[in-house]
Structure formats: structure tokens, C-alpha cells
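User: Hi! This is new to me, and I'd like to walk through it with you.
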Amino acid sequence: MRSSWFGKLLLIFGPRLRQNWFLVCLISVIVVVALLGSSPNEFESSVNNIDVPDIYTNFRKLKEQAVVDYYDLRSFSGGGNYKQKELAFCRKERENYVPCYNITRNLQAGFKDGEEFDRHCELSRNEERCLVRPPKEYKIPLRWPAGRDVIWSGNVKITKDQFLSSGSMTKRMMLLEENQITFHSDDGLVFDGVKDYSRQIAEMIGLTTDSEFLHAGVQTVLDIGCGFGSFGAHLVSLKVMAICIAEYEVTGSQVQLALERGLPAMIGNFISRQLPYPPLSFGMVHCAQCGIDWDAKDGLFVIEVDRVLKAGGYFVLTSPTSKSRGSLLTTRKGNMLTPVEEFAQKLCWNLVDQQDETFIWQKTADTHCYTSSKQGSIPVCKEEHDSQSYYRPLISCISGTSSKRWIPIHNRSNGPHLMSEELEVHGKYWSSVQGGDFYDDREYWKSAIRNYWSLLTPLIFSDHPKRPGDEDPLPPYNMIRNVMDMNAHYGGLNAAFLDAKKSVWVMNVVPVGIHNTLPLILDQGFAGVLHDWCEPFPTYPRTYDMLHASDLLSQLISTKCSMKDLFLEMDRILRPEGWMVLCDNVGAIEMARTHATQIRWEARVIDLQNGSDQRLLVCQKPFLRK
């Protein structure tokens, strides 16, 4: 009876096995050497988990070298036919391609009444697999903070004619020159300027100045329909995390422009589904002429605002009272309540103040209000509605009242360092937070971030790569502002960036199906979102400077997700000359190295030299115009 090893060799070499005894003997020697350093199961697992790689062989232990040699011999015997083919570039019309938002296809599929503008990833699964290339006029963004106020016009899809035909507010807010768009943050957005507008909001909620937002518990702001991000840019200067969401737009996208300026943003809308945030996520929700018909669908949009607002949080609505259609702020007739006042009473909101076109309501901090005679027409949600909120249908009930996270914003910590009692709230629902994991995670990333940062240089791809711990490379190699942590855990990478005083912000992504740590991330004042990595991320191409993921690939290998599709998506959202850093086990990293080669990235595998099977894959996306 033939051995299993003989069967494996027969499968590789086919009927030519009898004519390749020399190769058979050589492979047998390699196998014996490998077995001395690992178990048979471990070796077999490593082999089965790796596609044919073309990798650097530095930083390898003997058993890993055996795996590489094994595949080199396999490729040699097969005439080199196992090398992965590089993927082709997409057509020019897909330079600003965003999957899941094909309005024409959505209409053909029967979606209507606004749902044709919603996210429908199920209709994008069979599309062409290709690399989205940058426009011919694309240029690398300017370094922060200069890039906040000046961007290259060729990097976003907005034409001079579109700009000239826009409203006077847009013209006051930005200046379109030959190849640049300059933003005047003091002259646009709302009436007397962003700073005056922000100060007005602060005074309306009882503060002396807008620099006191943090002390009032407003750490995170959801800015709906953010224009071109000037209000968010001002809040960022106050160390308040403002996340812009706006609907998908074919041209002149608010989200694309905000991200190009280095400001947190993502595609999101109020149509038929919940936003991908848990209840009690934000200290303030802001809408300045955001175009949402708030009194539509029996107030479901207002209920969604209530769902994501923290206890005691504020809803700021600026809308001209003269606009009768699509506005809750219609003129009062006699003693009749306006639609917004009716919904506010049902949701136990209190109208804090009204000045000109700006209205501010505060969400109650008292859960007993929902059982009083004052309220009753909107029921309280059952506990199952407060679980992961990943694009579920909008619901007509009040969320979060049974959550241990129902803590008024003025009683919360005003920074990323949570008190022990605030962590205990999360520990009761996510047991992994207990036992010091949260603090261990933070300490690990404090030491790791310096090593990561020092690797972001083209020297890493030379024969003598830069070692972790060396001095930071000179500009422009560390030109990083927009960072995405694709498997954020507790937000430790984000916290480490802040401690190191790096001028970056992080989109902390919590994959669906694992421990939902997003509430813990948001309670630290960070940006974050739930996402299923079997689907494209809701953003425009070339919007992130760095992608990071720890242990994400090994999680996805056990699912039905396509690793090739994941890397195509990473290539789509990463800007040219941007960086990707993956940390995972040897098998997952070798597989990732193969896919990185297919999408034409420069890549290097690095041994952490800590005795574990964890490896780093550091990649840089080249600036290709083909």
C-alpha cells in the first residue's frame, strides 16, 4: 500500500513521477528536515494553506524555508505554470467606482421609493474583477495639515462646470483654481462662518465656548450631509471626533471631498436601513441643511437619530424655516405643534434653544420618561433590537433603555482613558474585556506602533530592509493621515497613535460575527463602524493612506469570503503609494503575499523574532497609471 507522502508526490508530479526520482529524493530530504522542527500536521497545514508564493526568503526559520523550497520544486517540475497572474486594470469609467451603489442596476432589480440609492451589495457580486486605476490627473495628496485646506482637483470627481453651477454657499466655501481646490473654513458652511456657528451651538447648550464641548460630554459627533467637511474640520481642531456621513453621489461627493481633506467620513444614508452603529453611539447628531425629509416614514428617521444618540446627547438641526417641503421646521399655526415638536415629545426630547434657523433638542437621560403618560405612542424596543446593528431595517421603537451603557454624557469620561466602572459595563457583555485584556492590548500597541511606523519606507523592499526600531524615515514616506484598522479589537492601535502624537485619525472597523467591541471603541471617543469584510466598504476609491489588520485573514479563511476580492477591495480604497500592514500567522501571511503580488504591490514578510508563528506583511501600493 502506497504511503500518503507518495500520494501527495504523485498528485504534484502526475505520471512523470517515475522519471523524477532525483526530485523525489530531494523533496524527501527537505521533508525530513522540516519534520525535525515541527509536527507532520503542522507542516501539512502550512503547505495546504499557501498558494504558490514568490517571496523574499529572509527572516525564515528552517521549517518555513522547507515550505518555500517545496513550492519552488513544484513550480520547477511543472514548468513554472503555477505562478499567479497579475490582475488587469479596470476601464477608465470605473476610476471612481463604488460597489453596491449602482443606481441603474438597483432600479432594474425593482428598488424604488428612494431605495435605489441605498446599499445593495448582493447585486455587485458577479462584477468584473479588476484594479481600479487613478485618474490621469491624480496627484499624491498634500501633507496634513496643508491637505486639509488645499486638495488637487484631479483627485475628486467634480468638474469646473459643476462647481460654477453650484449654490452661492459652495462658492463662498471653496475656491476652484487651475488644479487645486482651496477651502475657506471661516467663510462657508453656515451664514456667519464655521467658528461663529460652532460657538453659537455651544452657547445654545449652556457653554461659554465651543472649546468646552469635550467637558460637556460631546466627544463624538455624527455630521449628516456634511457639505465639504468644514464644520467637521473645525471640530477636529477642538479634539472632537466628527464623522461625516452622506449618501452616495456620482459626482461632487461630500464623502470623497471630506476624506481627501483628511477628515473622517463614509457613505451612509437615511432611507430604509439602520446605520452600522450600535445604540448610544454619539454625543451629538448634526444636520445643517442635510436634505433629509425628517417627517417622512412616520418619523422613522428621527427615531434612528434617537437610537444612535447617547443619553443626554444633542440633536442640532439647522434648516431655513421658509422651506416648507422636506423640513420639520414648518411655521407653527396657533397652538398646533410642528412635526418635530410632536416627535420630540414622543421621544422625550427637550427643546433646549432656538436661534434663527438652528434648533437644538436634548435626549432625555431618564429612562422612566418612556413609561410616563407623557410618552407612550412609541414603544420601547426589546433587548434583541439592541444587538449588532448592521444595516437592519429601520425600527419604530426606542432603543438602548435597557443597556448598561445608558450613562448621561455629562457623567462620562471626556477622553480615551475610561474609568474602571465604565470598562466594567462593557465587561458584562463582552467577557474578553475582563482579565486585563483591554489594558494589555493598549500596552502592546504602544510598543508596536513605533516599529510599524519605522517600516513605512521603500527601504523595506531592498535586500537589506530597514529593521523595526530604526529612526523614522524622512518625508514623504510617512505621509499618512487617513488610517483604517480593519480588525480594531479594542481600538488599541488608535490609542497608540494618539499617545505617540501622530497626526492621523483611525477608522476602527469591527467585523460582524465576532465580539462586538464597537461600543467600547466609540465610548473612547474614536471613529468606528461595523462591517462585513465579505462585502465592499462604503467609501470611494483612494481614500485611505494606510490599512492595518491584525488576525483578520485567519478569521476570514474559515468563512466563505473570497481572499482575492478582499485584496481587490483593499487596493480600491488605498491611495497610490499608500501602505498596508498585516499581522497574522505564517500560513495566512504567505497566502496574503501571493494576493499582494497579483495586485502588483511591493511586499515583504518580516519575522517578529519573538518566538511565535506571527509574521508581518508590509506592502506599498505603487503609483501606476496604466
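User: By class, how many residues in the lining of the largest cavity are nonpolar, polar or charged?
Analyst: This is a predicted model, where local features need pLDDT of at least 70 and side-chain atom pairs pLDDT 80 or more, while totals for chains, interfaces and linings use all residues. Residues are numbered from 1 along each chain as its sequence is written, and side-chain values use heavy atoms, leaving out hydrogens and water. The lining of the largest cavity has seven nonpolar, no polar and four charged residues. Here Ala, Val, Leu, Ile, Met, Phe, Trp, Tyr, Cys and Pro count as nonpolar, Asp, Glu, Lys and Arg as charged, and the others, Gly among them, as polar.

User: Which residues line the largest cavity?
Analyst: Phe-89 belongs to the lining, along with Leu-131, Val-132, Arg-133 and Pro-134. Asp-571, Ile-599, Arg-600, Lys-621, Pro-622 and Leu-624 complete it. The volume of this cavity is about 90 Å³, and the whole structure holds five cavities of 30 Å³ or more. On a 1 Å grid over the protein atoms alone, a cavity is where a 1.4 Å probe fits but cannot get out, a pocket is an open set with protein on both sides within 12 Å along at least five of seven lines, and lining residues have an atom within 4 Å of a point. Volume is the space filled by probe spheres on the points, which are joined across faces, edges and corners.

User: And pockets? What volume does the largest pocket have?
Analyst: About 660 Å³. It has 23 lining residues, and those closest to its centre are Val-236, Lys-239, Val-240, Met-241 and Leu-498. By class the lining splits into twelve nonpolar, seven polar and four charged residues. Helix 16 and strand 12 (505-511) each supply at least two of the lining residues. Helices (H or I, at least four residues) and strands (E, at least two) are DSSP runs, numbered from the N terminus.

User: What about the second largest pocket: which residues lie nearest its centre?
Analyst: Pro-99, Ser-124, Pro-536, Asp-565 and Glu-569, out of 27 lining residues. The space in this second largest pocket is about 560 Å³. Its lining has 14 nonpolar, two polar and eleven charged residues.

User: Back to Lys-239. Where is it found?
Analyst: In the loop between helix 10 and strand 5. Most residues other than glycine have a negative phi, and most peptide bonds are trans.

User: Which two residues are joined by a cis peptide bond?
Analyst: Trp-144 and Pro-145, with omega about 5°. Pro-145 sits in the loop between helix 5 (103-108) and helix 6 (146-149).

User: How many bridges join strand 9 to strand 10?
Analyst: Six, and the two strands run antiparallel. Gln-355 has Thr-358 of strand 10 as its bridge partner. Their hairpin has two residues between the strands, and Asp-356 takes a positive phi near 55° there. On another side of the pairing, strand 8 (residues 309-318) is joined to strand 10 (residues 358-363) by five bridges, also antiparallel. Tyr-314 is partnered there with Gln-362.

User: Last one: which residues does Gln-180 contact, leaving aside neighbours within four places in sequence?
Analyst: Val-150, Ile-151, Trp-152, Ser-153 and Leu-175, where contact means heavy atoms within 4.5 Å. Gln-180 lies in strand 3 (residues 180-183).

Note on methods: Two strands pair if DSSP finds at least two bridges between them.
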